[in-house]
Amino acid sequence: MGPRRKAGPFPWEEEAGPVKSLFGKLADGTKVHRWSLENGGTRLKVLNWGGVVQGLEIPDRHGHYTNVALGFDNIDDYVAKTPYFGALIGRYGNRIAKGQFTLDGKSYQLSVNDGVNSLHGGKQGFDKHIWDVEPFAKGSDVGLVLHYTSIDGEMGYPGTLKAKVTYTLTRHGDWIIDYEATTDKATVVNLTSHVYWNLAGEGSGTVEDHELTIAAGRYTPTDTGLIPTGELAKVSGTPFDFRKTKTIGRDIRDGHVQQVQAKGYDHNWVLDKGITSKPEHVATLREPRSGRTLKIATDQPGLQFYSGNFLDGTLTGTGGRTYRQGDALCLETQHFPDAPNHPNFPSTVLRPGQTYRTRTVHTFGA
Ligand code: GLA
């Protein structure tokens, strides 16, 4: 398919609409496609496998484009060894203790894939499925609509969950993610996106010099299995205080028991603004040499900041460089981990007749 938009008098009308190409094949022959789209100076590459953001290019302050999202250049690596690079996460982002929860008096056992716990939807989460992808161009926006239907009982979750995720690139180059889901039985849902950011470019080394701000006075401490204890602990006086901008590396070797346990940061920040009807700005990431910035706005109550602790030099990425510990970070907007087992956390229950709807906006600058 060729470009969908004609060149016009406005800069954004010169941008190309989504273009589809063959990325590879699964073992059973299923074709994996890659969609490329560009608008307002942001270039996005998306796979129908897991809705994976395979590349995201933005300019630095001199206009030089770099891919700032970790990924692979081939489908086999995504299937065999990805730590959720760029993927859509469902049905439940982050961990559910022992993969168990009770809803309306019924107990459920989910697929367990992280020690005794269920992580990111279980063994075959939303990141490991082919999604239906439809391109669109609407007004000055271009984007993709992704659909996946998870059948009743998949990975142990009750209800048929119909998920729809829309990736929009605006004429300002913002990347917006809209998540929607409906169910035919009461269930729990917590969708998110697992992009690994390195604003100096994927494969360029550590993100310890990236500056981060998170508008959160509390976070959810975890046990050794990274399951929240249920406490909403104050960040003040701890390495978890990102209310004032600081580098990721500044306090990462502080020796705080929560960090030692997680091998760095791998926690949910309790956003001061709480759940909001519209996305509000919650975090800013800046890479000082390139000047690139990423601002995140969300309607969600939580943000998982993961400092790439499990990257260990065994994966080689898109540009042929090896990813080592701390070579990227994730900022996952979400409800809190293990919320189904913590009545004091905002509820993740979705019932028939309701529509789960949430939006996260990524704004880039340099
Ligand atoms: C999330 C989790 C981390 C880790 C990564 C993937 O961010 O919180 O503990 O599992 O995904 O490796």
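This is a predicted model: local features need pLDDT of at least 70, side-chain atom pairs count only at pLDDT 80 or more; totals for chains, interfaces and linings use all residues.
Visitor: Which sheet has five strands, and in what order do they come?

Guide: The sheet is open, with the order 1-2-3-4-5 and antiparallel pairing. Its edge strands are strand 1 (19-25) and strand 5 (65-67). From one strand to the next, the twist averages 20°.

Visitor: What makes strand 1 and strand 5 edge strands?

Guide: Each of them pairs on one side only.

Visitor: How many bridges join strand 13 to strand 14?

Guide: Nine bridges join strand 13 to strand 14 (residues 175-183), and the two run antiparallel. Leu-169 stands opposite Trp-175 in strand 14. The two strands form a hairpin with five residues between them. In the turn, Gly-173 has a positive phi of about 85°.

Visitor: What pairs with strand 12?

Guide: Strand 12 (residues 141-150) pairs with strand 13 (residues 161-169) in the antiparallel sense, over nine bridges. His-147 has Lys-164 in strand 13 as its bridge partner.

Visitor: Which residues does UniProt list for "active site"?

Guide: The unreviewed UniProt entry lists His-194 and Glu-332.

Visitor: Why can they be said to gather at one spot?

Guide: They span 139 residues in sequence, yet no two of their C-alpha atoms are more than 6.3 Å apart, so they gather at one spot.

Visitor: Why is His-194 called buried?

Guide: The criterion is 20 or more other C-beta atoms within 10 Å. His-194 has 23, so it is buried. The residue is found in strand 16 (residues 192-194). Leaving aside neighbours within four places in sequence, His-194 is in contact with Tyr-84, Gly-86, Ala-87, Ile-89, Cys-330 and Glu-332.

Visitor: Is Glu-332 buried or exposed, and how do you know?

Guide: Glu-332 has 25 C-beta neighbours inside 10 Å, so it counts as buried. It lies in strand 27 (residues 330-334). Beyond its neighbours within four places in sequence, the contacts of Glu-332 include Gly-93, Thr-192, Ser-193 and His-194. Leu-303 and Gln-304 are also among them.

Visitor: Which residues does the "binding site" annotation cover?

Guide: In the unreviewed UniProt entry, that annotation covers Asn-94, Arg-95, His-194, Val-195, Tyr-196 and Asp-266.

Visitor: What makes Asp-266 a buried residue?

Guide: Asp-266 has 21 other C-beta atoms within 10 Å, and the cut-off is 20 or more, so the residue is buried. Asp-266 lies in strand 21 (residues 266-270). With neighbours within four places in sequence left aside, Asp-266 is in contact with Leu-226, Tyr-306, Ser-307 and Asn-309.

Visitor: Which residues are around the ligand?

Guide: Asp-266 is one of them, together with Pro-83, Tyr-84, Asn-94, Leu-119, Leu-226, Gln-304, Tyr-306, Phe-310 and Cys-330.

Visitor: How do the residues of this shell divide?

Guide: Seven are nonpolar, two polar and one charged. Asp counts as charged, and Asp-266 is in the shell. Tyr and Cys count as nonpolar; Tyr-84, Tyr-306 and Cys-330 are among the residues around the ligand.

Notes
Residues are numbered from 1 along each chain as its sequence is written. Two strands pair if DSSP finds at least two bridges between them. Helices (H or I, at least four residues) and strands (E, at least two) are DSSP runs, numbered from the N terminus. Axes are lines fitted to C-alpha atoms, for helices over the stretch in contact, and angles run from 0 to 180 degrees between N-to-C directions. UniProt positions are given in the numbering used here, feature names are shortened, and annotations may be inferred rather than shown by experiment. A residue is buried if 20 or more other C-beta atoms lie within 10 Å of its own, exposed if 12 or fewer, and partly exposed in between; C-beta atoms are placed from the backbone. Two residues are in contact if their C-beta atoms, placed from the backbone, lie within 7 Å. A residue is near a molecule or strand if its C-beta atom, placed from the backbone, lies within 6 Å of it.
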